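Trainee: I'm new to this one, could you walk me through it?
Mentor: Gladly, let's look at it together.

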Amino acid sequence: DPADTGDPAGAEVRLEADGSDSNILIAFRVPRGNGFSVLADTFFTSLSGQTLASTKPFAISMLEGGGIKVEELSLEGSIGNIRASGIASPDSSDLAAHIEIDIPRKPDMIKVADRLWPDSVTVDVRADGLSRITAEGMISGITIVDGRKTTINFTMSSDERALQASFNIEGPEKTIVSLEGTLPPLQNNGTLTDGPLLIDLAINGIPISGNANPFVADNPRLIGSLSGRIAARGTLSDPEAVILLDCAFTGGEELEEYILSINGTYAREAVSDTGLVRLLGTRKKTAASAGNLTPGLSAALTLRKLKEDILTGVLEYPMDVKLAPFRFEKSETNKMLLEVKSRELALTDLDPLLPPDIDLEGIIEIEFRAAGDLDNPVFNGKLKTKGMSIAVASDFQASPTVDIEFGGDLLRPSIEGRVVIERALLRLPEMKESLHDFEGDAILWAAADSFRIAADTISSGNGGPDSLDAVSYTHLRAHETN
């Protein structure tokens, strides 16, 4: 380190690191001065047998007052190439950068499915002044849930008038996702001010995974596909939006007969048919395609089987939203409506949507309504089941029969009726060795006098029937005595 001797050249550093599947070499100098700069003579790295190295010396400097300056950065190799040169700072920008990389094999330490690891990435960025920025890029090789390889294309441009962007996911035969948007230009501090709003998202059969965490599953379970449109217009201080989505299911003969539709609008004032046409930018099929068309948030949900409505839902929620500056508050109407109604819905048909270790059978019928003042809506409705059973692996089984009614309001809700559990099985885990034995009466359920509780306990271990370490699993039965 010549800096210790007072040499004005500063510090010289040579760094080498070797691993089983990678290595890196970099030699650079840090000159004396008020700002921080790195003058690199050599850079070389190897990842999974692919290389990237500097073709000439380059410099990277942090500017006083904030910002960065890049001079003659040029890296090339079997991985690809990276080039950058220019200045980016709060006061001025004149920067050009190009990145083109063939991505090496995913390291084991990154916990993401191999199918989501891209093959290559290309990005070009150009900044001419503070407000004129353009960027475009492509990511290829990501495989989605249904096995299709995709290419992602994106663009962004900003000037004094607006920020415009587009994002597309292309499949082998068609565009799966298309997003276009226009927003006010970014301020120097990175915030948005009020201005034009235009967002249009089109979805054309994006697959849906039934896995709890599809991002780590290389062979995810496909349960359906989503298609539709989401659009927003207006300004950031007075936005309007519409959503029209359909979900088609897969994974079972009965399940594939169902389609779930979600439609909705948001606007400060009631949205007319003409307004919906303007929001969508296209001809609307039916006047009821986006719910009740009321001020605030209005949404409708429909589950159909063979074109017959099995379950419907309506939500009307009064609210006033501003995006810049952000504000969310109740609207003046202060009246809400939530309504859910179903015919006899066969739960067995929907069983393929659940994880493989959960089995669901039976029929459910529900009617529920919450309406009135937003702070204290009035409830009414009912819930009935027939032949219902649920099993979770071998740890839990239950066969409940439910016949209840809802009433009251948010401050004093009420539920009346009968819940009969004809049979239940709960398998308790083995007792941990760190727990101490406890002898005495075991309270399995605390219930009203109108219920008679019967329990058959099958014991294992060396303890007596009431000792904690003797319980392996318990059968519970309960019914009304009246």
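Mentor: Before we start, a residue is called buried when its relative accessible area is under 20%, exposed when that area is over 50%, and partly exposed in between. Please also keep in mind that this is a predicted model.

Trainee: OK, so is D320 buried or exposed?
Mentor: D320 has a relative accessible area of 12%, so D320 counts as buried.

Trainee: And which side chain does D320 meet in a salt bridge?
Mentor: The side chain of D320 meets that of R327, with a distance of 3.3 Å from N to O, and R327 is partly exposed at 31% relative accessibility.

Trainee: How many salt bridges are there by this rule?
Mentor: The count comes to 20, and among them is the one between K106 and D114, where the closest N and O atoms are 3.4 Å apart. In that pair K106 is buried, with a relative accessible area of 11%, whereas D114 is partly exposed at 49%.

Trainee: What about D119, which partner does it have?
Mentor: D119 forms a salt bridge with K149, at 3.7 Å from N to O. D119 sits in the loop between strand 8 (93–102) and strand 9 (120–128), while K149 belongs to strand 11 (residues 149–158), so the pair ties together parts that are 30 residues apart in sequence.

Trainee: Which residues are linked in a network of salt bridges?
Mentor: Those are E254, E257, K305 and D349.

Trainee: Switching topic, how many residues does the largest nonpolar core have?
Mentor: The largest nonpolar core has 16 residues, and those with the most contacts inside it are F249, Y258, L303 and L345. Several elements each supply at least two residues of this core, including strand 16 (238–249), helix 2 (347–350) and strand 25 (378–392). There is also a second, separate core of 14 residues, which includes F43, L52, V70 and L75.

Trainee: What does L303 touch?
Mentor: Not counting residues up to four places away in sequence, L303 touches F249, Y258 and L345, and also I259, L260, E308, D309, I310 and L311.

Trainee: And where does L192 lie?
Mentor: L192 lies in the loop between strand 13 (175–183) and strand 14 (196–209), and at 35% relative accessibility L192 counts as partly exposed. Although L192 and L236 are 44 residues apart in sequence, their C-alpha atoms are 9.0 Å apart in space.

Trainee: Last one, which residues form a nonpolar patch on the surface?
Mentor: That patch is formed by F36, I60, M62 and I68, which together have about 330 Å² of accessible area. I68 is found in strand 6 (residues 68–76) and is partly exposed, with a relative accessible area of 31%.

Technical notes: Residues are numbered from 1 along each chain as its sequence is written. This is a predicted model: local features need pLDDT of at least 70, side-chain atom pairs count only at pLDDT 80 or more; totals for chains, interfaces and linings use all residues. Side-chain values use heavy atoms; hydrogens and water are left out. Patches are made of residues with over 30% relative accessible area and no salt bridge: like charges are joined within 9 Å, nonpolar side chains (Val, Leu, Ile, Met, Phe, Trp, Tyr) within 5 Å. Accessible areas come from the Shrake-Rupley method with a 1.4 Å probe; for residues, only the protein chains shown count as cover. A salt bridge is a side-chain nitrogen of Lys or Arg within 4 Å of a carboxyl oxygen of Asp or Glu. Helices (H or I, at least four residues) and strands (E, at least two) are DSSP runs, numbered from the N terminus. Buried means under 20% relative accessible area, exposed over 50%, partly exposed in between (1.4 Å probe, protein chains only). A nonpolar core is a set of buried Ala, Val, Leu, Ile, Met, Phe, Trp, Tyr and Cys residues joined through side-chain atoms within 4.5 Å. Contact means heavy atoms within 4.5 Å.
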